[in-house]
Each structure stands twice: as structure tokens, then as C-alpha cells.
Amino acid sequence: MASSIPRPLRSRHRAPSRAGRRAGALLRAAAPAAVLVVLTGCGAVTGTTARDVPAATAPAAGPPGTAYSAPDTGASGTAYSAPGTGASGTAYSAPDTGASGTAPTAGASGTGQTAQGRVGAGAETRTPARIAGLGPRTLAWIPENARQVLVVTGRGRDANRSEAVLHQDTGSGWRAGPVWPARNALKGWTDDHRAGDLRSPVGVFTLGDAGGLLPDPGTELPYDRSDGFAVGGTGFAGEPLAGSFDYVVAIDYNRVPGTSPLDLTRPLGAGRGGGIWLHVDHQGPTQGCVSLDKHHMRELLRTLDPDLHPVIVMGDAASLRL
């Protein structure tokens, strides 16, 4: 499928250092043995391309797709027909957007690898100065060189609403930005993400590649502008998915860092999901991705700096306090 979709062009922006983005961008996914999970497009949507969810069909529970196994990742195809919510169609496994509709046409290949223990092929870690809401174990998962940390805290294990705060290391401590409303997967969070489970993975993951249907808003991250991020259909609540992938940042879970968010490569295998993205909120839960209001996505893209090795810490509040 990926071969049938044209690869988006890289922007002229400088590419982030590859040193800290080797194979496992996932710094740590809570729970069982270190397992790289590939999100398939956060929006369990059926379509031709499966981002989160491999292939075209997602486990009965959910739509196949990328990112969340659906929208969030962008594949081409019709929406996947979310469990009980939705729509019939092919599962494109759209990135985290979830519901029926067409998935992004362009699915690129790529795998964002994420391990369930500590990710990062040998990345060094340290216990940073305290960041509100994070316990000692979670803090220990943050790599030594990370100077920007986006913390996404879910309201509950099975809740699909959350809050996001970007923290930046000032040299003398962490400075917290404003609190942004966010959404996550329909069924909440999991320490053992699987394709189509409609849960977002708990863990610490690197952020290094961006893209979208709209032109680069001025980010320092490599940015792939492509029609492959176009998506249609409706989400779990019947909301339109159009525009969900106007701006996206790939979460390095079961993917290959340094590639377009549309890349369908899944180092851990399709069954572990993939296509987990940060993308524009469509006013409904995702299939596995994390979504923010459009203006907040634009602000995030303009703020993330590859030289500061940004990571995302995501999960339900109880898990992150450990």
C-alpha cells in the first residue's frame, strides 16, 4: 500500500540530530517486557492504508489503521468502522481519529519503534528535577538529554479526555507552559498496546518528525507536507474527521525515527499497532493518538526544537505518578 502512495517531500528545515533517535524512540512504555508497539494512525478508521493497525483489518475490536489504528496516521482508504461506533469501510487504520471515513490517502511507510521497557537503544537516563504529576519511575524513563517534555495526563485509565503541558528545562529547573485540553483513545490507556485495542500506549516516547496536509507552520522538526494526510469520514461521536491531520507530530512508538509520519514500517510487527500521532482534535476520542486543538498543535510545532531532544510522557494520571 505504501508503495502506491507518493512519499511526501521533506521541508528545508534542519533535521534533528539522529544520535538520540535510533531504533527505539520509545523511551519507555509502561508495563510488561519491553515491546515496541506501533500505533496505527490514531483513529481507527478503515481505509486502504493501515497506520496504527497494520493492514486492512483491525482486530475485531477496532479498526485497523495507523496511529490509533486509524486516523491519526493517515492512510488511504475508507474509514474503518470503529467498534460499535462506526462506520463501515475499509480499515485504513487512520491515525487516532477514529471513525468511519476515508483514511489519509498517503500512507507512508515507517515504523516508530517503541519498547516497553526503556526505549532508545541505549539512551542514557537520569532523574530530572521534579515535573508535576510524574513519579520517580516515570521521571527515570526520561532520557538524560531531553530538554523539552510534553506531559499528557489522562483523567482515568478508561477515560478518553486528558490534559497536555509542555515543560522546558531552563538549566535551573523545569518551566511549565499552559494547560491544553487533549483527547486520547476511545477506551483510555494501556501498558501493552495492541493494534485495534482502542487504547493509547502509556510510556515515554521521542518526538522528531512532523508533517501534515497544510504547509509547514514554521517548525524546526523535519516536516512532510503531503496530500497523503487527507482524511474523511466521521469519528466515534459522528464528528467529521476532515482536517484531523492538517498538522501531526509522529510519536515514536513502533516506528522508525527519522522518517515521515506516513511511513508504515513497524519494527515490532503490525500486531503491536503503530501510527500513533499528535494531531488536530476532531471533537471526539481517537483510536490511539493524542489530539490537541489546532492552534495548540501549531504552537507546539513552532516550539519543539530537535536540538532539545523533545519527548512525550503520556498515560493516565495514576500510572504517571508511579
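This note walks through a predicted model, point by point.

1. **Ground rules.** Residues are numbered from 1 along each chain as its sequence is written. In this predicted model local features need pLDDT of at least 70 and side-chain atom pairs count only at pLDDT 80 or more, while totals for chains, interfaces and linings use all residues; side-chain values use heavy atoms, with hydrogens and water left out.

2. **The largest core.** Start with the largest nonpolar core, which has 28 residues. A nonpolar core is a set of buried Ala, Val, Leu, Ile, Met, Phe, Trp, Tyr and Cys residues joined through side-chain atoms within 4.5 Å. Buried means under 20% relative accessible area, exposed over 50%, and partly exposed in between (1.4 Å probe, protein chains only). Val249, Leu278, Leu300 and Ile312 touch the most other members. Leaving out residues up to four places away in sequence, Ile312 touches Leu150, Val152, Gly203, Val204, Phe205, Leu207, Ile251 and Leu278. Contact here means heavy atoms within 4.5 Å. Another core, of 13 residues, lies apart from the largest one; Ile131, Leu134, Ile142 and Val204 are among its members. In soluble globular proteins, nonpolar side chains tend to be buried together.

3. **Leu166.** Look next at strand 5 (residues 161-169), where Leu166 sits. Helices (H or I, at least four residues) and strands (E, at least two) are DSSP runs, numbered from the N terminus. Leu166 counts as buried because its relative accessibility is 11%. Its contacts include Val149, Leu150, Arg175 and Leu300, not counting residues up to four places away in sequence. Leu166 and Val151 are 15 residues apart in sequence, yet 6.2 Å apart in space, C-alpha to C-alpha.

4. **Two positive phi angles.** Most residues other than glycine have a negative phi. Leu198 is not a glycine, but has a positive phi of about 60°. Leu198 lies in the loop between strand 8 (189-190) and strand 9 (200-201). Gln283, also not a glycine, has a positive phi of about 70°. Its place is the loop between strand 13 (277-280) and strand 14 (290-292). Which of these residues is buried, and which exposed? Leu198 is buried, at a relative accessible area of 0%, whereas Gln283 is exposed, at 51%.

5. **Phe205 and Tyr253.** There are three aromatic pairs in the structure. Rings of Phe, Tyr and Trp (its six-membered ring) pair if their centres lie within 6.5 Å; planes under 30 degrees apart count as stacked, over 60 as edge-to-face and the rest as tilted. Phe205 and Tyr253 pair edge-to-face, 5.7 Å centre to centre with 75° between the planes. Phe205 is in strand 10 (residues 203-212) and Tyr253 in the loop between strand 12 and strand 13, so this pair ties together parts 48 residues apart in sequence. Phe205 is buried at 0% relative accessibility. Tyr253 is buried too, with a relative accessible area of 0%.

6. Phe245 is in the loop between strand 11 (223-225) and strand 12, and Trp277 is in strand 13, 32 residues apart. Phe245 is buried, at 0% relative accessibility. Trp277 is buried, with a relative accessible area of 0%. Phe229, Phe245 and Trp277 form one aromatic cluster.

7. **Salt bridges.** How many salt bridges does the whole structure hold? A search finds eleven. A salt bridge is a side-chain nitrogen of Lys or Arg within 4 Å of a carboxyl oxygen of Asp or Glu. Arg199 bridges to Asp158, with the closest N and O atoms 2.9 Å apart. These two are 41 residues apart: Arg199 is in the loop between strand 8 and strand 9, Asp158 in the loop between strand 4 (148-154) and strand 5. Arg199 is partly exposed at 21%, and Asp158 is exposed at 54%. Lys294 and Asp246 also meet in a salt bridge (2.9 Å, N to O). Lys294 is in helix 2 (residues 294-303), and Asp246 is in the loop between strand 11 and strand 12, 48 residues apart. Lys294 is partly exposed, at 32%, whereas Asp246 is buried, at 8%. Arg157, Asp191 and Asp316 are linked in a network of salt bridges.
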